[in-house]
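Hi,

Here is the structure I promised to hand over. Please open it and keep it beside this email while you read my notes.

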Amino acid sequence: MENKKYYIITYGCQMNLHESEKIAGILSSMGYVLAENVKQADVIVFNTCCIRENAEQKAEGNIGALKQLKKNNKNLIVAVGGCMTQQKGYAEKLHKEFPFVDIIFGTHNLENFKVMMEEKAERKKTLIEVEDGNEIIYEGTPKTRSSYPNAWVNIMYGCNNFCTYCIVPYVRGREKSRSPKDILSECESLIKEGYKEITLLGQNVNSYGKNTEYGDFPELLAKVAELDGDFRLRYMTNHPKDLSDKLIDVIKSHDKICKSIHLPIQSGSDKILKAMNRHYTKADYLEKVNKLRAAVPDIAITTDVMVGFPNETEEDFEETFSVMKEVGYAGAFTFIYSRRSGTPAAEMEGQIDEETGKKRIMKLIAYQNAFNRKTSKNYEGKTVRILCEGYDDKKKKYLGRDEYGRMAYFDGTEKVLGNFVDVKIVKAGGISLYGELVKGE
Ligand code: SAH
Ligand code: SF4
Ligand code: F3S
(Lines give C-alpha, C1' and ligand atoms only; values in the text may rest on other atoms or scores of the structure.)
(Ligands and ions follow the chains in the order given, each with its own letter.)
Protein backbone atom coordinates (compact mmCIF):
# COMPACT_ATOMS: atom_id res chain seq x y z
CA MET A 1 0.00 0.00 0.00
CA GLU A 2 1.22 3.43 -0.84
CA ASN A 3 2.25 5.35 2.26
CA LYS A 4 2.29 9.02 1.40
CA LYS A 5 3.33 11.68 3.91
CA TYR A 6 1.62 15.07 3.93
CA TYR A 7 2.57 18.59 4.96
CA ILE A 8 0.82 21.90 5.57
CA ILE A 9 2.58 25.23 5.81
CA THR A 10 1.57 28.82 6.61
CA TYR A 11 3.26 32.12 5.74
CA GLY A 12 3.45 35.83 6.70
CA CYS A 13 4.65 38.41 4.16
CA GLN A 14 5.89 37.80 0.59
CA MET A 15 9.42 37.24 1.76
CA ASN A 16 8.26 34.76 4.28
CA LEU A 17 5.95 33.19 1.68
CA HIS A 18 9.00 32.51 -0.48
CA GLU A 19 10.73 30.96 2.53
CA SER A 20 7.68 28.73 2.93
CA GLU A 21 8.32 27.64 -0.67
CA LYS A 22 11.83 26.66 0.39
CA ILE A 23 10.59 24.76 3.44
CA ALA A 24 8.04 23.04 1.17
CA GLY A 25 10.95 22.24 -1.19
CA ILE A 26 12.88 20.58 1.63
CA LEU A 27 9.79 18.60 2.67
CA SER A 28 9.14 17.55 -0.95
CA SER A 29 12.73 16.31 -1.19
CA MET A 30 11.94 14.14 1.85
CA GLY A 31 8.90 12.62 0.14
CA TYR A 32 6.15 14.81 1.58
CA VAL A 33 3.28 16.18 -0.52
CA LEU A 34 0.89 19.04 0.21
CA ALA A 35 -2.06 18.00 2.40
CA GLU A 36 -5.62 18.97 1.59
CA ASN A 37 -6.44 19.75 5.21
CA VAL A 38 -4.92 19.88 8.68
CA LYS A 39 -6.27 16.45 9.66
CA GLN A 40 -4.46 14.76 6.79
CA ALA A 41 -1.11 16.34 7.65
CA ASP A 42 1.88 14.44 9.06
CA VAL A 43 3.80 17.68 9.53
CA ILE A 44 2.40 21.16 10.14
CA VAL A 45 4.81 24.08 9.76
CA PHE A 46 3.97 27.56 11.03
CA ASN A 47 6.17 30.05 9.22
CA THR A 48 5.30 33.01 11.41
CA CYS A 49 5.26 36.82 11.20
CA CYS A 50 5.58 39.26 14.10
CA ILE A 51 5.32 42.62 12.33
CA ARG A 52 2.15 43.47 14.28
CA GLU A 53 0.73 42.08 17.48
CA ASN A 54 -2.36 40.66 15.80
CA ALA A 55 -0.23 38.52 13.43
CA GLU A 56 1.48 37.06 16.46
CA GLN A 57 -1.74 36.47 18.39
CA LYS A 58 -3.29 34.72 15.43
CA ALA A 59 -0.30 32.38 15.03
CA GLU A 60 -0.29 31.56 18.73
CA GLY A 61 -4.02 30.83 18.62
CA ASN A 62 -3.52 28.48 15.67
CA ILE A 63 -0.61 26.70 17.32
CA GLY A 64 -2.58 26.29 20.57
CA ALA A 65 -5.52 24.84 18.65
CA LEU A 66 -3.36 21.87 17.61
CA LYS A 67 -3.01 20.46 21.11
CA GLN A 68 -5.88 18.00 20.68
CA LEU A 69 -4.79 16.95 17.20
CA LYS A 70 -1.33 16.21 18.60
CA LYS A 71 -2.91 14.04 21.34
CA ASN A 72 -4.90 12.05 18.80
CA ASN A 73 -2.03 11.62 16.39
CA LYS A 74 1.22 10.83 18.15
CA ASN A 75 3.17 10.86 14.88
CA LEU A 76 2.18 14.40 13.90
CA ILE A 77 5.14 16.81 13.79
CA VAL A 78 4.46 20.47 14.62
CA ALA A 79 7.19 22.93 13.64
CA VAL A 80 7.27 26.68 14.28
CA GLY A 81 9.67 28.90 12.34
CA GLY A 82 9.80 32.42 10.93
CA CYS A 83 10.25 35.87 12.39
CA MET A 84 8.29 35.29 15.59
CA THR A 85 10.79 32.71 16.83
CA GLN A 86 13.72 35.08 16.22
CA GLN A 87 12.59 37.53 18.90
CA LYS A 88 14.72 37.61 21.98
CA GLY A 89 13.69 34.90 24.44
CA TYR A 90 10.67 33.95 22.34
CA ALA A 91 11.69 30.36 21.48
CA GLU A 92 11.93 29.48 25.18
CA LYS A 93 8.60 31.17 25.89
CA LEU A 94 6.95 29.27 23.05
CA HIS A 95 8.41 25.98 24.25
CA LYS A 96 7.07 26.59 27.75
CA GLU A 97 3.63 27.60 26.58
CA PHE A 98 3.24 24.91 23.91
CA PRO A 99 5.48 22.00 24.99
CA PHE A 100 3.94 19.80 22.29
CA VAL A 101 5.67 21.81 19.53
CA ASP A 102 8.39 19.51 18.13
CA ILE A 103 10.67 21.86 16.23
CA ILE A 104 11.37 25.57 16.71
CA PHE A 105 13.60 27.01 13.99
CA GLY A 106 14.56 30.58 13.12
CA THR A 107 14.77 32.39 9.81
CA HIS A 108 18.52 31.83 9.57
CA ASN A 109 18.28 28.09 9.98
CA LEU A 110 16.22 27.01 7.00
CA GLU A 111 19.04 24.90 5.69
CA ASN A 112 19.04 22.93 8.94
CA PHE A 113 15.35 22.20 8.76
CA LYS A 114 15.89 18.90 6.95
CA VAL A 115 18.41 17.74 9.57
CA MET A 116 16.01 18.72 12.35
CA MET A 117 13.19 16.78 10.69
CA GLU A 118 15.40 13.70 10.43
CA GLU A 119 16.60 14.07 13.98
CA LYS A 120 13.04 14.48 15.22
CA ALA A 121 12.12 11.05 13.91
CA GLU A 122 14.53 9.57 16.44
CA ARG A 123 14.05 11.85 19.45
CA LYS A 124 11.12 12.94 21.53
CA LYS A 125 12.59 16.19 22.86
CA THR A 126 11.71 19.54 21.28
CA LEU A 127 14.47 20.71 18.95
CA ILE A 128 15.22 24.42 19.16
CA GLU A 129 17.56 26.22 16.80
CA VAL A 130 17.35 29.99 16.55
CA GLU A 131 20.60 31.81 15.90
CA ASP A 132 21.81 35.13 14.60
CA GLY A 133 24.38 33.62 12.27
CA ASN A 134 23.12 35.09 9.02
CA GLU A 135 26.52 35.78 7.51
CA ILE A 136 26.28 33.04 4.93
CA ILE A 137 23.83 32.93 2.04
CA TYR A 138 22.93 29.34 1.26
CA GLU A 139 22.28 28.67 -2.40
CA GLY A 140 20.61 25.59 -3.78
CA THR A 141 17.82 25.10 -1.25
CA PRO A 142 15.11 23.18 -3.13
CA LYS A 143 11.91 25.15 -3.72
CA THR A 144 8.35 24.02 -4.27
CA ARG A 145 6.86 27.14 -5.80
CA SER A 146 3.21 27.80 -5.18
CA SER A 147 2.37 30.87 -7.22
CA TYR A 148 2.89 29.95 -10.90
CA PRO A 149 3.02 31.91 -13.24
CA ASN A 150 4.62 34.29 -10.72
CA ALA A 151 7.96 33.47 -9.13
CA TRP A 152 9.58 35.14 -6.14
CA VAL A 153 13.33 35.65 -6.21
CA ASN A 154 15.31 36.86 -3.20
CA ILE A 155 17.94 39.43 -4.06
CA MET A 156 18.83 40.33 -0.49
CA TYR A 157 18.05 39.44 3.08
CA GLY A 158 17.77 41.51 6.26
CA CYS A 159 17.42 45.24 6.81
CA ASN A 160 19.70 48.02 8.05
CA ASN A 161 17.15 50.80 8.32
CA PHE A 162 15.87 50.52 11.87
CA CYS A 163 12.64 52.43 11.39
CA THR A 164 11.79 52.99 15.04
CA TYR A 165 8.48 51.07 14.95
CA CYS A 166 9.76 48.02 13.12
CA ILE A 167 10.89 44.65 14.41
CA VAL A 168 12.28 43.35 11.11
CA PRO A 169 15.94 44.42 11.60
CA TYR A 170 15.97 42.64 14.96
CA VAL A 171 14.55 39.36 13.70
CA ARG A 172 16.13 39.34 10.25
CA GLY A 173 19.59 40.71 10.95
CA ARG A 174 21.68 42.99 8.75
CA GLU A 175 21.38 43.44 5.00
CA LYS A 176 23.20 41.02 2.79
CA SER A 177 22.93 40.79 -0.97
CA ARG A 178 22.89 37.70 -3.14
CA SER A 179 25.35 37.65 -6.03
CA PRO A 180 24.05 38.83 -9.43
CA LYS A 181 25.32 35.57 -10.93
CA ASP A 182 23.09 33.48 -8.67
CA ILE A 183 20.11 35.82 -9.13
CA LEU A 184 20.42 35.90 -12.92
CA SER A 185 20.85 32.17 -13.26
CA GLU A 186 17.78 31.57 -11.07
CA CYS A 187 15.74 34.02 -13.20
CA GLU A 188 16.96 32.42 -16.42
CA SER A 189 15.89 28.96 -15.24
CA LEU A 190 12.50 30.27 -14.14
CA ILE A 191 11.86 31.83 -17.54
CA LYS A 192 12.90 28.58 -19.25
CA GLU A 193 10.52 26.69 -16.96
CA GLY A 194 7.68 28.91 -18.18
CA TYR A 195 7.28 31.44 -15.36
CA LYS A 196 5.89 34.67 -16.79
CA GLU A 197 6.39 37.06 -13.90
CA ILE A 198 9.37 37.48 -11.63
CA THR A 199 9.26 39.53 -8.44
CA LEU A 200 12.62 40.48 -6.97
CA LEU A 201 12.39 40.52 -3.19
CA GLY A 202 14.16 42.49 -0.48
CA GLN A 203 13.15 44.62 2.54
CA ASN A 204 14.68 47.56 0.72
CA VAL A 205 15.65 46.56 -2.81
CA ASN A 206 17.10 50.03 -3.47
CA SER A 207 20.02 49.34 -1.18
CA TYR A 208 20.93 46.12 -3.01
CA GLY A 209 24.67 45.61 -3.39
CA LYS A 210 25.79 48.15 -0.79
CA ASN A 211 29.29 47.34 0.50
CA THR A 212 29.83 44.69 -2.18
CA GLU A 213 31.34 44.52 -5.66
CA TYR A 214 27.95 43.43 -7.07
CA GLY A 215 26.85 46.76 -8.53
CA ASP A 216 23.66 48.53 -7.47
CA PHE A 217 19.94 47.73 -7.76
CA PRO A 218 19.26 49.63 -11.02
CA GLU A 219 22.08 47.67 -12.69
CA LEU A 220 20.71 44.37 -11.40
CA LEU A 221 17.15 45.22 -12.42
CA ALA A 222 18.31 46.15 -15.94
CA LYS A 223 20.22 42.88 -16.29
CA VAL A 224 17.19 40.81 -15.29
CA ALA A 225 14.93 42.85 -17.60
CA GLU A 226 17.34 42.19 -20.48
CA LEU A 227 17.06 38.41 -20.20
CA ASP A 228 15.39 36.75 -23.21
CA GLY A 229 11.83 35.50 -22.95
CA ASP A 230 8.24 36.56 -22.59
CA PHE A 231 7.98 37.65 -18.98
CA ARG A 232 7.41 40.72 -16.84
CA LEU A 233 9.33 41.98 -13.88
CA ARG A 234 8.36 43.38 -10.48
CA TYR A 235 10.39 44.25 -7.40
CA MET A 236 9.62 45.14 -3.82
CA THR A 237 9.94 46.97 -1.47
CA ASN A 238 11.35 50.42 -2.23
CA HIS A 239 12.45 52.75 0.53
CA PRO A 240 11.77 56.32 -0.69
CA LYS A 241 15.07 57.61 0.68
CA ASP A 242 17.03 55.30 -1.64
CA LEU A 243 14.95 55.61 -4.82
CA SER A 244 17.46 57.00 -7.31
CA ASP A 245 17.22 58.79 -10.67
CA LYS A 246 19.20 55.89 -12.07
CA LEU A 247 16.42 53.48 -11.03
CA ILE A 248 13.77 55.71 -12.59
CA ASP A 249 15.77 55.67 -15.85
CA VAL A 250 15.94 51.87 -15.84
CA ILE A 251 12.18 51.56 -15.17
CA LYS A 252 11.50 53.96 -18.02
CA SER A 253 13.73 52.25 -20.56
CA HIS A 254 12.75 48.59 -20.07
CA ASP A 255 9.37 47.36 -21.28
CA LYS A 256 9.50 44.16 -19.25
CA ILE A 257 9.55 46.13 -16.00
CA CYS A 258 5.94 46.66 -14.90
CA LYS A 259 4.79 50.26 -14.69
CA SER A 260 4.07 49.80 -11.05
CA ILE A 261 6.03 50.62 -7.91
CA HIS A 262 5.44 50.04 -4.21
CA LEU A 263 6.69 53.11 -2.36
CA PRO A 264 5.70 53.05 1.32
CA ILE A 265 5.22 56.54 2.75
CA GLN A 266 4.19 55.50 6.31
CA SER A 267 3.28 59.08 7.30
CA GLY A 268 2.86 62.49 5.68
CA SER A 269 3.97 64.43 8.75
CA ASP A 270 7.62 65.51 8.86
CA LYS A 271 7.58 65.34 12.65
CA ILE A 272 6.39 61.72 12.60
CA LEU A 273 8.67 60.72 9.72
CA LYS A 274 11.61 62.00 11.74
CA ALA A 275 10.50 60.12 14.84
CA MET A 276 10.12 57.02 12.65
CA ASN A 277 13.73 57.43 11.42
CA ARG A 278 12.61 57.35 7.79
CA HIS A 279 15.16 59.88 6.47
CA TYR A 280 12.83 61.79 4.15
CA THR A 281 10.26 64.56 4.43
CA LYS A 282 6.84 64.81 2.84
CA ALA A 283 8.34 67.18 0.24
CA ASP A 284 11.19 64.74 -0.56
CA TYR A 285 8.64 61.98 -1.04
CA LEU A 286 6.42 64.04 -3.31
CA GLU A 287 9.44 65.09 -5.35
CA LYS A 288 10.26 61.41 -6.01
CA VAL A 289 6.64 60.78 -7.00
CA ASN A 290 6.80 63.68 -9.43
CA LYS A 291 10.04 62.44 -10.94
CA LEU A 292 8.58 58.97 -11.38
CA ARG A 293 5.51 60.41 -13.10
CA ALA A 294 7.54 62.73 -15.30
CA ALA A 295 9.50 59.71 -16.56
CA VAL A 296 6.65 57.16 -16.67
CA PRO A 297 3.38 59.13 -16.70
CA ASP A 298 1.03 56.19 -16.20
CA ILE A 299 3.05 54.48 -13.45
CA ALA A 300 0.86 52.93 -10.72
CA ILE A 301 2.12 53.84 -7.26
CA THR A 302 1.12 51.78 -4.24
CA THR A 303 2.02 52.41 -0.64
CA ASP A 304 2.01 51.38 3.03
CA VAL A 305 0.56 53.89 5.49
CA MET A 306 0.55 53.78 9.26
CA VAL A 307 -1.66 55.69 11.68
CA GLY A 308 -1.39 56.05 15.43
CA PHE A 309 2.39 56.25 15.74
CA PRO A 310 3.31 57.73 19.17
CA ASN A 311 2.49 61.45 19.40
CA GLU A 312 0.58 61.54 16.09
CA THR A 313 -1.81 64.48 16.43
CA GLU A 314 -4.90 65.14 14.36
CA GLU A 315 -2.79 67.62 12.32
CA ASP A 316 -0.10 64.98 11.69
CA PHE A 317 -2.77 62.57 10.55
CA GLU A 318 -4.28 65.21 8.23
CA GLU A 319 -0.83 65.58 6.59
CA THR A 320 -0.90 61.84 5.86
CA PHE A 321 -4.42 62.06 4.49
CA SER A 322 -3.43 65.00 2.28
CA VAL A 323 -0.53 63.02 0.73
CA MET A 324 -2.91 60.19 -0.06
CA LYS A 325 -5.20 62.60 -1.85
CA GLU A 326 -2.33 64.35 -3.61
CA VAL A 327 -0.61 61.19 -4.89
CA GLY A 328 -3.72 59.19 -5.78
CA TYR A 329 -2.43 55.73 -4.98
CA ALA A 330 -3.31 52.70 -7.08
CA GLY A 331 -3.42 50.80 -3.80
CA ALA A 332 -2.65 51.42 -0.15
CA PHE A 333 -1.99 48.97 2.67
CA THR A 334 -3.10 50.74 5.82
CA PHE A 335 -1.99 49.78 9.32
CA ILE A 336 -2.62 50.90 12.87
CA TYR A 337 0.70 51.25 14.66
CA SER A 338 1.41 48.20 16.79
CA ARG A 339 3.78 48.43 19.73
CA ARG A 340 6.60 45.93 19.26
CA SER A 341 8.73 45.30 22.28
CA GLY A 342 12.43 45.86 21.72
CA THR A 343 11.86 48.70 19.22
CA PRO A 344 12.58 52.36 20.14
CA ALA A 345 9.00 53.47 19.43
CA ALA A 346 7.67 51.03 22.02
CA GLU A 347 9.49 53.06 24.68
CA MET A 348 8.23 56.44 23.46
CA GLU A 349 5.86 58.54 25.51
CA GLY A 350 2.61 59.53 23.85
CA GLN A 351 1.32 56.13 22.70
CA ILE A 352 -2.02 56.59 20.95
CA ASP A 353 -5.18 54.84 22.08
CA GLU A 354 -6.75 52.18 19.90
CA GLU A 355 -9.97 54.08 19.24
CA THR A 356 -8.10 57.05 17.74
CA GLY A 357 -6.07 54.68 15.57
CA LYS A 358 -9.22 52.95 14.34
CA LYS A 359 -10.97 56.21 13.56
CA ARG A 360 -8.01 57.45 11.54
CA ILE A 361 -7.50 54.26 9.59
CA MET A 362 -11.19 54.10 8.66
CA LYS A 363 -10.93 57.52 7.07
CA LEU A 364 -7.96 56.41 4.94
CA ILE A 365 -9.63 53.16 3.93
CA ALA A 366 -12.88 54.88 2.96
CA TYR A 367 -11.00 57.39 0.83
CA GLN A 368 -8.86 54.74 -0.88
CA ASN A 369 -11.84 52.50 -1.64
CA ALA A 370 -13.75 55.37 -3.21
CA PHE A 371 -10.67 56.35 -5.22
CA ASN A 372 -10.21 52.78 -6.49
CA ARG A 373 -13.85 52.59 -7.56
CA LYS A 374 -13.41 55.81 -9.48
CA THR A 375 -10.25 54.74 -11.30
CA SER A 376 -11.82 51.35 -12.08
CA LYS A 377 -14.46 53.14 -14.12
CA ASN A 378 -11.71 54.56 -16.38
CA TYR A 379 -10.97 51.02 -17.49
CA GLU A 380 -14.41 50.39 -19.01
CA GLY A 381 -14.14 49.87 -22.75
CA LYS A 382 -10.35 49.51 -22.68
CA THR A 383 -8.42 46.39 -23.70
CA VAL A 384 -5.71 45.37 -21.29
CA ARG A 385 -2.96 42.76 -21.29
CA ILE A 386 -3.51 40.35 -18.42
CA LEU A 387 -1.32 37.58 -17.09
CA CYS A 388 -3.78 34.83 -16.17
CA GLU A 389 -2.96 33.58 -12.68
CA GLY A 390 -5.79 31.22 -11.95
CA TYR A 391 -9.45 30.36 -11.83
CA ASP A 392 -11.92 31.68 -9.29
CA ASP A 393 -14.20 28.82 -8.27
CA LYS A 394 -16.82 31.11 -6.74
CA LYS A 395 -17.03 33.57 -9.61
CA LYS A 396 -16.51 30.77 -12.17
CA LYS A 397 -14.10 33.00 -14.07
CA TYR A 398 -10.41 33.15 -14.90
CA LEU A 399 -8.46 35.95 -13.27
CA GLY A 400 -5.21 37.83 -13.62
CA ARG A 401 -3.57 41.22 -13.35
CA ASP A 402 -2.39 43.89 -15.73
CA GLU A 403 1.07 45.41 -15.33
CA TYR A 404 -0.36 48.08 -13.02
CA GLY A 405 -1.51 45.33 -10.67
CA ARG A 406 -5.25 45.67 -11.40
CA MET A 407 -7.21 42.41 -11.15
CA ALA A 408 -9.52 41.38 -13.98
CA TYR A 409 -11.96 38.47 -14.28
CA PHE A 410 -13.00 36.91 -17.59
CA ASP A 411 -14.37 33.77 -19.23
CA GLY A 412 -12.03 31.45 -21.07
CA THR A 413 -10.74 27.91 -21.30
CA GLU A 414 -7.89 26.21 -19.46
CA LYS A 415 -5.49 27.29 -22.19
CA VAL A 416 -5.38 30.83 -20.77
CA LEU A 417 -3.83 29.69 -17.47
CA GLY A 418 -0.30 31.03 -17.08
CA ASN A 419 -0.48 33.03 -20.31
CA PHE A 420 -0.70 36.66 -21.33
CA VAL A 421 -4.11 37.45 -22.80
CA ASP A 422 -5.90 40.56 -24.05
CA VAL A 423 -9.09 41.30 -22.17
CA LYS A 424 -11.64 43.97 -23.05
CA ILE A 425 -13.04 45.46 -19.85
CA VAL A 426 -16.82 45.69 -19.96
CA LYS A 427 -17.61 46.41 -16.34
CA ALA A 428 -15.85 47.83 -13.31
CA GLY A 429 -17.08 46.26 -10.08
CA GLY A 430 -15.49 48.03 -7.13
CA ILE A 431 -11.73 47.62 -7.49
CA SER A 432 -11.98 44.55 -9.73
CA LEU A 433 -12.61 44.56 -13.44
CA TYR A 434 -14.77 42.22 -15.52
CA GLY A 435 -14.05 41.66 -19.17
CA GLU A 436 -14.15 39.53 -22.29
CA LEU A 437 -11.28 37.65 -23.80
CA VAL A 438 -10.17 39.31 -27.03
CA LYS A 439 -7.00 37.44 -27.85
CA GLY A 440 -4.75 34.85 -26.34
CA GLU A 441 -6.46 31.44 -26.51
N1 SAH B 1 10.61 46.74 4.34
C2 SAH B 1 9.37 47.17 3.93
C3 SAH B 1 8.19 46.82 4.79
C4 SAH B 1 8.17 45.68 5.68
S5 SAH B 1 6.84 45.58 6.77
C6 SAH B 1 9.39 48.67 3.86
O7 SAH B 1 10.13 49.32 4.53
O8 SAH B 1 8.60 49.18 3.12
C9 SAH B 1 5.42 46.10 5.86
C10 SAH B 1 4.71 47.24 6.46
O11 SAH B 1 4.24 46.93 7.75
C12 SAH B 1 5.53 48.49 6.66
O13 SAH B 1 5.69 49.23 5.50
C14 SAH B 1 4.75 49.24 7.70
O15 SAH B 1 3.79 50.08 7.12
C16 SAH B 1 4.05 48.13 8.46
N17 SAH B 1 4.61 47.99 9.80
C18 SAH B 1 5.87 47.71 10.15
N19 SAH B 1 6.00 47.72 11.50
C20 SAH B 1 4.78 48.02 12.01
C21 SAH B 1 4.27 48.21 13.31
N22 SAH B 1 5.02 48.11 14.38
N23 SAH B 1 2.95 48.53 13.44
C24 SAH B 1 2.16 48.65 12.36
N25 SAH B 1 2.58 48.50 11.11
C26 SAH B 1 3.88 48.18 10.92
FE1 SF4 C 1 11.13 47.74 8.76
FE2 SF4 C 1 11.96 50.08 7.92
FE3 SF4 C 1 13.40 47.90 7.39
FE4 SF4 C 1 11.06 48.27 6.19
S5 SF4 C 1 12.88 49.56 5.95
S6 SF4 C 1 11.79 46.39 7.13
S7 SF4 C 1 9.84 49.28 7.74
S8 SF4 C 1 13.04 48.78 9.38
FE1 F3S D 1 7.80 39.45 6.89
FE2 F3S D 1 6.52 39.56 9.12
FE3 F3S D 1 8.99 38.79 9.11
S4 F3S D 1 6.44 41.06 7.52
S5 F3S D 1 9.93 39.80 7.36
S6 F3S D 1 7.28 37.74 8.16
S7 F3S D 1 8.03 40.03 10.64
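Start with ligand 3. Its shell has five nonpolar, two polar and one charged residues. Nonpolar here means Ala, Val, Leu, Ile, Met, Phe, Trp, Tyr, Cys and Pro; charged means Asp, Glu, Lys and Arg; the others, Gly among them, are polar. The residues around ligand 3 include Cys-13, Cys-49, Cys-50, Cys-83 and Gln-203. A residue is near a molecule if one of its heavy atoms lies within 4 Å of it.

Some ground rules. This is a predicted model, where local features need pLDDT of at least 70 and side-chain atom pairs count only at pLDDT 80 or more, while totals for chains, interfaces and linings use all residues. Residues are numbered from 1 along each chain as its sequence is written, chains are lettered from A and ligands numbered from 1 in the order in which they are written, and side-chain values use heavy atoms, leaving out hydrogens and water.

Next, ligand 2. Its shell holds seven nonpolar, three polar and one charged residues. Among them are Cys-159, Cys-163, Cys-166 and Gln-203.

Now ligand 1. It is surrounded by 15 residues, and Gln-203 is one of the closest. Polar contacts are pairs of N or O atoms within 3.5 Å. A side-chain N or O atom of Gln-266 lies 2.7 Å from an oxygen atom of ligand 1. A polar backbone atom of Tyr-165 is 3.0 Å from a nitrogen atom of ligand 1. A polar side-chain atom of Arg-52 sits 3.1 Å from an oxygen atom of ligand 1.

Best wishes

Key. A polar contact is a pair of N or O atoms within 3.5 Å; within protein, one must be able to donate a hydrogen and the other to accept it, and residues adjacent in sequence count only if both atoms are side-chain atoms.
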